[in-house]
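Biologist: I would like to learn how to read the features of a model like this one. Please give the general idea each time, then the case at hand.

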Amino acid sequence: MSKLKGAIVAAKPSVEKTIIGMLEKSMKKGVFDAVIIPMRAPSGDSFAYVLVKDKSLLKDATPLPPTMFVQGAKAVSSVTRLGKGKIKIAAVMRPCEVRATVELAKLGQANLENMTIISMDCPGVLPSSDFLKYPEKNIKLFNEAAKKLDDKMMRPLCQICDKSSMVSGDLHIGTLGAKKDTFFLISNSTKGDDAANKLGINLKDNIDSWQTKVKTFSDEKKKKRKKAHKELKAKVGGIDNLVETFSHCINCHNCMRVCPVCICRLCYFDSDKVKHSAEDYLERAESKGSIRFLPDTTLFQMGRMMHMSISCVSCGACEDACSMSIPVGQIFSMIADETQALFDYVSGKNLDEPIPLVAYKEEELLEVEDSDD
Amino acid sequence: MVEKKHITDVLVIGAGIAGIEASLMLSKADRKVHLVEKTSYTGGTTIKFEEVFSNMECSTCMVAPRQQELLQDKNINLLTLAEVEEIKGNPGDFTVKIHKKARYVDMINCIGCNACFEPCPVNLKNEFEEGLSERKAIYVPCAGALPNVPMIDTENCLRFKGKKCTACQEACMFGAVDYNQKDEKIELKVGAILVATGFNVFDSKKLPKYGYGKIDDIYNALEFERLYASNGPTEGKIVLKDGKPPKSVAIIHCVGRKEKGYCSSVCCMYSLKFNHYLKSKIPDVKISEFYTDLCIPGKSHQKFYEKMKETKVNMIRASNVEVAKQGKEISIKYNNGSGKKGNLGVDMVILSPAIEPSHDASKLAKTLGISIDEYGFFQQENLEDSSVVSSKPGVFIAGCSQGAKNIQESVSQASAAVGKILSSYN
Amino acid sequence: MKRKIGVYVCECGPNIAEKVDIDKVIEAISSDKDVAVIKKFKLLCSADGKKFLEEEIKKQDLTHLVIAACSPKDHEKTFMEVSEKAGLNPYLFQLANIREQCAWITEDKDEATKKAIRLIRAAIGRVRYHSSLEKKEIDSNPDVLVIGGGIAGIEASLQLARPNRKVYLVEKAPELGGLVTNFEKNFLSMKPLSEIINGKIEEINTNENIKVFTNSEVDEAVGFFGNFEIKVKRTDAEDEPVQFDVGAVVIAIGSTLFDSKKLPEYGYGTLNNVITSLEFEKMNKSGKISLKNGKPPKSVAIIHCVGRKEKGYCSEICCMYSIKFAKYLTDKIPSVKVSNLYSDLCIPGKTNQKLYEQAKGKNVNFIRFSDAEITKSKDQLSVKYKDENGSKTNLIVDMVILAPAVEPAVDASKIAEITGIYQGDEGFFEEEHEKINPISTSTEGIYIVGCAQGPKNISETLVQSEAAAGKILSSLVPGRKIEPEVKTSEISEALCIGCKTCLSICSYGAITFDESKKISVVNEVICRGCGNCVAACPSGAASIKHFKFKQLYQEIREAIK
């Protein structure tokens, strides 16, 4: 449990503008050389992560956009995949995006040494397809819902997310439990402490009210999550239900491509290992009577799930991108909870905690082993 | 004057774990090795164990790859059923006379199918199985013995006793059974000799207070190893004479220690191993270990002891242990640590006997011209220096033939002897 | 290139022929794709059989060879040699075991025949995708680095050094000899040790094939068996490190004693006349055994097993040297009373029990104890303990000698890091195999001997040093090239995602990380082909030669079709 330190910051005229102001100031003072932050695209109905060098452009930034077209971790990690770089960068992302970034750092896909990661209490995010129906209207609706902590419009996974205020980066903007026109600036690391110091912010305030509100909120969500999982398991559990659930799948692999922790250069399921000869297909058709094409979709789903479950951050990017509206995120997230629980692991929570893939001990798996003991 | 070149070939006597290690190392150094083994198989006593301490690794799995390597190694001339009769000469230039008994089965033609066993009309106690099961007059000592070629026990074979019988030869499709083979006298020239002839165990019958040989269900350590072995007489089932598994077992350490005058160093550890054996086959069995001092040196051994303690084994420090039959049970009388008398009833007793020099050690010592110590083990030349150097230059000793020790120490001595040979005899 | 696979079924006498309908097998397989020829033979491993195969390979111009016979453990090597002799790369061959895995496990001829056909088809399916593999040869350096100039390092150096093999002996202290120079006698023989130790040191100093570095430490040891690059620097000066190459490394850094101050109940460091065994050895060697006040002790308690519970193992030598101490004391101070407090007497070995029995006497007592506590009692010491029956007892003595547990040397972790070998839970170096390879480590060419490997006495130490010499003399022969493993792992540059999972999995240090390309790279010379990296690689970038996905997939596919 890291000792979080915090400061109460005046949020005038708004939380958003204050954050942007702080980022501008930090660039001016040389605390950061660049900032990665979502920004509204000129066309109006899309938001994208932008690496900003010219601090005057920060005024158009939107730290908490209504959509997550690209999972922030993908954007941030691609900057430092080949090395930490010489410039100091601040990245502003949602908690699940931060956790995915931390996982990617563990997997050697990002170097966070020169990066300061800033997150905020997240109200959820709108499903992309919903947003695109009425973009302008939805921006307004999202902002209102965010203020009221109303998650009915958000992604199904956001509605049962109990980690929407989890701090795994360097700094965090805490709006829950904050008095009117203020927010908590919370630091989780020496990098965070450093940045706050350089901005003249003294991290000596009491953040109990934030922590209490976060816990209450998270506990409620946990209950919701448990209930949702129970219902989902009943619906998709068992091989028949599973096959039916994925019967719409067309093997487009969108889910895999948008997933921040699916990092293989060439997915097994895109390789020639799954390309078989005509005789093979004929044989399979013979033994079962017929074979559907494109084949092996459930195999793809289960294979991908097995591969990334230990690192899944339940962001829902996969479900968002699914062209066939399969609740793939909810299913994968539910199983990820159980996989990670086996090893007492929470993906992306702590950069120093190694991924169980290389660190687990035999004794940890006894309950899933078929043993006579 | 031209200095006489040393002969680089080496004679290794004994193809147990130490002899095998030494032979393979010497072969790697491109030395030709004559490996003389008294029995028909390699592996010695180590292959009688199912598992070894302290990680309970499968013993035969550990040794088999080395035995295979040995059999296929072109530098190693394995002479089984052979014994050294005479050596003459000096270090660097020994002349050795070997008496090699005929196997009566051709080692090249035989493919190890075992078809010759069944038709043999003679049934005998199997020595490898410590007499717990039977073999024929044509036999391999155990399943998986290497080389996988049977031999004929001429002392009990009908044909060799003058009767008419060709049952085994008729059963062989490869013409591998050859009654015309003769014992051979082989003369070898070698530069150095390594003796690694192993050990025997103290005969527990010499101590009637343990009831061994008189009371049923009392086994010595080697017999119990065979009982537990998956390729043994009961295929690993631990049962009493009446066929039922024991409910309670006593393991008695230090049998013969006082008589021999030394601690055999491995018994405490293998007695704890027996605890593991028993618990793995009979989870509810009650086990009591009667010991005097627990001798478990080594970085990993105490850990194993702690693990065994968790299985609730009853460790009893005892003296004056006596074993007697009491009705259907076996009763153990003893004095505990405080001197108080104790009594325990059990179904089965396992005795851990002292390790002795092998029974022909003194004969071999005379043949080789090396000294034996007061206990009958081969004597090292200098107590302050290397323990593998015997009293005769050019002759080295390793393993339990030099003194009771565990496998790790035996293998180290074998390697050390090779080191000595390679560094001094070039 | 068109494949021409030759399939040969061995009858193995009646073993296969009577249990499998070989003619039916031939009939089924002869029309399979790529099968140029399928024949049977009575006994392929015989001289005739091998000749037949050699001729067939040449005559039929085969590109691949499949033999259906016994277990690969029996004759894979044999048939690979035949292939090579006939000019066919020995890795373009696959052996289908239709004896142990088929003919020998069922009486049902029909089932056996069906299974044999499957097994052979599986072998054919696999062999189609085999690639030629070539043996490699690399030069090796026969010289040896010995780290530690105690008795273990000294013995190893003496056994190894010759004109065609230099030994570099590196010792941290100003003098060679290590701990044993403090012992007057060895408990095995009770004869003076100094003669033999000094003799060996003299031999080292006059041996022109041994270069000794005292006041020195190893700074770097990189490379692999046959080719290590070593850097040695002085501990007492700022000179440039000395660099040289060796082919093998022997680690003989010895041990140290458990710090008895950690157990305040023994009063070490706080009470006068409570000393450790090493301090007593030194005192004895100096010629005068005395208390702090200069007088000889009239009564001494020797306490065994100090720190045993904390360390979790028995240090093997303490009972015996405690018996030796009793002898030192009674020899030098005839009226002294000695009490040995022990928990379990550990005296294995043929002569040790005799020594114990000789040491016991009217003035030497052996007392089984537990829970000892030492306090001051006027100008003497009070040793409170529980005896065998659990009753509290008190013993008043002038001097207490503690026998602390033997611990790994203080430099053990540093040496482990420099050389890349592992330490076990107790901190001693980890051997490759507890029983049959106790002085090799998982890094080929690096050996551990003496107390660095685990607590042991001088005799066992000498054996291990000689054993290391044996290992090196037999495997690192001057002029002989080293043939590393052929079936090694390879990592695809295109597929590697740089997650470094394989790096932590490889027990042999065969994988390094290329920082510029951000990919893992396998050193083919160190790789032992264990396959752990292939199993662990999350992105399928790692694969093993001769065990490629396609080979295994096709084999399984044909087997279960």
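Biologist: What share of the 426 residues in chain B is buried?

Modeller: A residue is buried if 20 or more other C-beta atoms lie within 10 Å of its own, exposed if 12 or fewer, and partly exposed in between, with C-beta atoms placed from the backbone. In chain B, buried residues make up 52% of the 426 residues. For chain A, the share is 40% of 373 residues. This is a predicted model, in which local features need pLDDT of at least 70 and side-chain atom pairs count only at pLDDT 80 or more, while totals for chains, interfaces and linings use all residues. Residues are numbered from 1 along each chain as its sequence is written, and chains are lettered from A and ligands numbered from 1 in the order in which they are written.

Biologist: Is Ala176(B) buried or exposed?

Modeller: Ala176(B) counts as buried because it has 24 C-beta neighbours inside 10 Å. It is found in the loop between α3 (167-171) and β12 (184-190) of chain B; helices (H or I, at least four residues) and strands (E, at least two) are DSSP runs, numbered from the N terminus.

Biologist: Which residues does Ala176(B) touch?

Modeller: Two residues are in contact if their C-beta atoms, placed from the backbone, lie within 7 Å. Leaving aside residues up to four places away in sequence, Ala176(B) touches Val105(B), Asp106(B), Asn109(B) and Cys110(B). As for Gly131(B), 45 residues from Ala176(B) along the chain, the two C-alpha atoms are separated by 28 Å.

Biologist: What is the radius of gyration of chain B, and what would a compact globule have?

Modeller: The radius is taken over C-alpha atoms, and the globule rule is 2.2 Å times the number of residues to the power 0.38. For 426 residues the rule gives a value near 22 Å, and chain B, with 23 Å, agrees. Along the principal axes, the C-alpha atoms of chain B fill a box of roughly 75 × 60 × 35 Å. Chain B has nine helices and 23 strands, whereas chain A has 15 helices and seven strands.

Biologist: At what angle do α1(B) and α2(B) pack?

Modeller: Axes are lines fitted to C-alpha atoms, for helices over the stretch in contact, and angles run from 0 to 180 degrees between N-to-C directions. Angles under 35 degrees count as roughly parallel, over 145 as roughly antiparallel, 65 to 115 as roughly perpendicular and the rest as oblique. Here the angle is about 50°, with the axes of α1(B) and α2(B) 10 Å apart, so the two helices are oblique to each other. Ile17(B), Ile20(B), Ser23(B) and Leu24(B) in α1(B) meet Val63(B), Arg66(B), Gln67(B), Glu69(B) and Leu70(B) in α2(B). These residues divide into five nonpolar, two polar and two charged, where Ala, Val, Leu, Ile, Met, Phe, Trp, Tyr, Cys and Pro count as nonpolar, Asp, Glu, Lys and Arg as charged, and the others, Gly among them, as polar.

Biologist: Which chains share the most contacts?

Modeller: Of the two pairs of chains in contact, that is chains B and C. Chain B gives 54 residues to this contact and chain C gives 53. On the side of chain B that touches chain C, the largest share, 13 residues, comes from α9(B). No contact joins chain A and chain B, and their closest C-alpha atoms lie 10 Å apart.
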